[in-house]
Amino acid sequence: MPENNLEPRSVKYSVTTITELMLPSSANFGGKIHGGYLLSMMDKVAYACSSKHSGAYCVTVSVNAVDFLLPVEVGDLVSMLASVNYVGNTSMVVGIKVIAENVKTGEVKHTNTSYFTMVAKNEQGETVKVPPLLLESPIDVRRFVESIKRRKLKKHIAETMDEEKKTFDLEKELSHLKDQRCVLSDDLS
Ligand SMILES: CC(C)(COP(=O)(O)OP(=O)(O)OC[C@H]1O[C@@H](n2cnc3c(N)ncnc32)[C@H](O)[C@@H]1OP(=O)(O)O)[C@@H](O)C(=O)NCCC(=O)NCCS
């Protein structure tokens, strides 16, 4: 695997914020900002932050669950605050906090926090090793440790679901449908 500059870099070194005014052209039919538009902004800030840390071109490998718990309105000033939370060999986890400010009232909403896994690549498209993360505060340490735990949980869930798929027995699993809002067709095949 090709190597670039592997001097440790602090979290501060690559902290990145993107702020944008939400225009009507990004709204859905209900007048709120499209979730997909916000995802695209998150992807951009994750790219900028991870590329800064690694000094390399980065691609998005994985996005953890993104829950939009509060709607973002047209006219809100949205900020994406990104920092590298974890560094593996070629991958980095970027934590992104999304806040939306009503510029007239000053009200600030924290709409979600999500985690993007990015991988660094060179000009040939090969993965490259990234600099270690210099942890300078208890918050940096907490985020790094949380990322390790999140990765372990994700692995565990993936393995469990793989096993579930392999051993799926329709007759046995029907009990899971009790009290669910579904109806079994008479000609279920
Ligand atoms: C990302 C990619 C290089 C991984 O390829 P791979 O053959 O699995 O390579 P590796 O096994 O060496 O994995 C590379 C890193 O990605 C991480 N990774 C791979 N799949 C992952 C997943 N589903 N979730 C989180 N991390 C993942 C690995 O843990 C590894 O991290 P590490 O080097 O820090 O240990 C490859 O899948 C790819 O290029 N995907 C397309 C990415 C892209 O173009 N995205 C833009 C949107 S289409």
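This is a predicted model: local features need pLDDT of at least 70, side-chain atom pairs count only at pLDDT 80 or more; totals for chains, interfaces and linings use all residues.
Residues are numbered from 1 along each chain as its sequence is written.

I then listed the elements, taking helices (H or I, at least four residues) and strands (E, at least two) as DSSP runs numbered from the N terminus; the protein has four helices and seven strands.

I followed the open sheet of five strands, which has the order β2-β4-β5-β6-β3 with antiparallel pairing, where two strands pair if DSSP finds at least two bridges between them. I found β2 (16–21) and β3 (57–63) at the edges, each with a single partner strand, so one side of each is left without a neighbour in the sheet. Between β4 (residues 76–87) and β5 (residues 91–102), which run antiparallel, I found 11 bridges.

I looked last at helix α3 (residues 138–166), whose 29 residues reach 42 Å from first C-alpha to last, close to the 42 Å expected at 1.5 Å a residue; the expected span is 1.5 Å times one less than the number of residues. Of these 29 residues the number buried is two, so α3 lies largely in the open. A residue is buried if 20 or more other C-beta atoms, placed from the backbone, lie within 10 Å of its own, exposed if 12 or fewer, and partly exposed in between. For the protein of 189 residues, I noted that 25% count as buried.
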